[in-house]
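Subject: Structure for handover

Hello,

I am passing on a structure that you have not seen before. Some notes follow it.

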Amino acid sequence: MEIQKELGKEIIVKNLDFWYNGKQILYDVNAEIGQKKITALIGPSGCGKSTFLRCINRMNDIISIAKAKGEIHYCQQNILCQETDVVELRKKIGMVFQKPNPFPMSIFDNVAYGLRLQGVKDKKQLGKIVEESLKKADLWDEVKDRLNVSAFRLSGGQQQRLCIARAMAINPDVILLDEPCSALDPIATAKIESLLVKLKREKTIIIVTHNMQQAKRISDDAIYLLNGKIIEAGKTRQLFENPKNKLTEDYINGVFG
Ligand SMILES: Nc1ncnc2c1ncn2[C@@H]1O[C@H](COP(=O)(O)OP(=O)(O)OP(=O)(O)O)[C@@H](O)[C@H]1O
Ligand SMILES: [Mg+2]
């Protein structure tokens with residue numbers, strides 16, 4: 001961990017190849033994810049963004065036909081190794097999905113869910129962490145008087161912030177977000193964006209987005225993926241204002257994708 005962190009890198013991906021059912025999806029992906037930075041993962045539909053993201057917390061393990069080869073270094077460990085405790089890994093590398101997916105339970109219980117799984121029973125402690133997490137997700141003021149109502153009573157944007165609060169409650173180092181705003185209106189989107197910028201003070205964030213303006217607004221670094229290969233990666237500003245590769249330029253200018 002120390003060497004990586006000294007270099008300011010939270011995650012280093014080396015020669016990552018990936019297959020579904022023998023069909024190759026990712027080709028020799030190499031990437032360095034900056035600690036406490038927002039990294040945007042961009043590229044046309046089907047290029048492998050979600051697949052790549054899911055490799056980082058071994059979420060693809062639940063797909064039996066999936067196979068990954070290569071290295072993903074996190075905390076001085078290649079997390080693709082068989083010995084990796086994936087439950088522990090997912091506590092450290094949390095995930096938020098495209099469609100808000102609150103559990104069918106109260107707002108409070110949604111946020112407390114992971115803590116209870118970890119065996120936290122003390123009501124006072126649970127209440128404290130739930131409050132802190134909802135505050136971190138900028139949702140507390142909107143829900144503090146109705147923590148016991150069903151999470152389904154919240155708006156889509158509020159549900160997505162609840163999912164972020166649920167992820168935050170376990171205190172991860174890294175949060176992976178797969179198009180978290182694509183089901184949200186511009187106001188709800190703006191709230192999530194400002195929240196992510198605030199969260200990066202303490203977390204490393206990787207976000208998949210189809211919204212180039214969003215990538216430009218909030219990310220420090222960007223990775224452009226096309227047909228499972230990294231075409232270009234670097235500082236967001238550089239990549240958008242002065243892309244090195246013609247393919248990147250075409251994509252960010254909306255020529256295709
Ligand atoms: N569970 C699966 N089984 C088989 N093939 C899959 C599976 N999930 C994704 N794929 C295929 O892998 C490729 C990459 O998919 P992926 O979902 O990673 O793309 P993406 O860049 O996230 O696309 P989008 O922007 O549409 O979300 C696609 O060709 C897709 O059809
Ligand atoms: Mg996807």
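α2 lies across β3, β6, β7 (174-178), β8 and β9 (221-226), and runs at about 155° to β8. Here helices are DSSP runs of H or I with at least four residues, strands are runs of E with at least two, and both are numbered from the N terminus. Contact requires C-beta atoms, placed from the backbone, within 7 Å. Axes are lines fitted to C-alpha atoms, for helices over the stretch in contact, and angles run from 0 to 180 degrees between N-to-C directions. α7 also packs on the sheet, where it touches β6 and β7, and its direction makes about 170° with that of β6.

This is a predicted model, in which local features need pLDDT of at least 70 and side-chain atom pairs count only at pLDDT 80 or more, while totals for chains, interfaces and linings use all residues. Residues are numbered from 1 along each chain as its sequence is written, and chains are lettered from A and ligands numbered from 1 in the order in which they are written.

The sheet is open and mixed, with six strands in the order β6-β7-β8-β3-β9-β10; strands pair if DSSP finds at least two bridges between them. β6 (93-96) and β10 (229-235) are at the edges with a single partner strand each, so one side of each has no neighbour in the sheet. From one strand to the next, the twist averages 15°. β3 (residues 38-42) pairs with β8 (residues 204-208) in the parallel sense over four bridges, and A40 stands opposite I207 in β8.

Regards

Key:
Contact = placed C-beta atoms within 7 Å.
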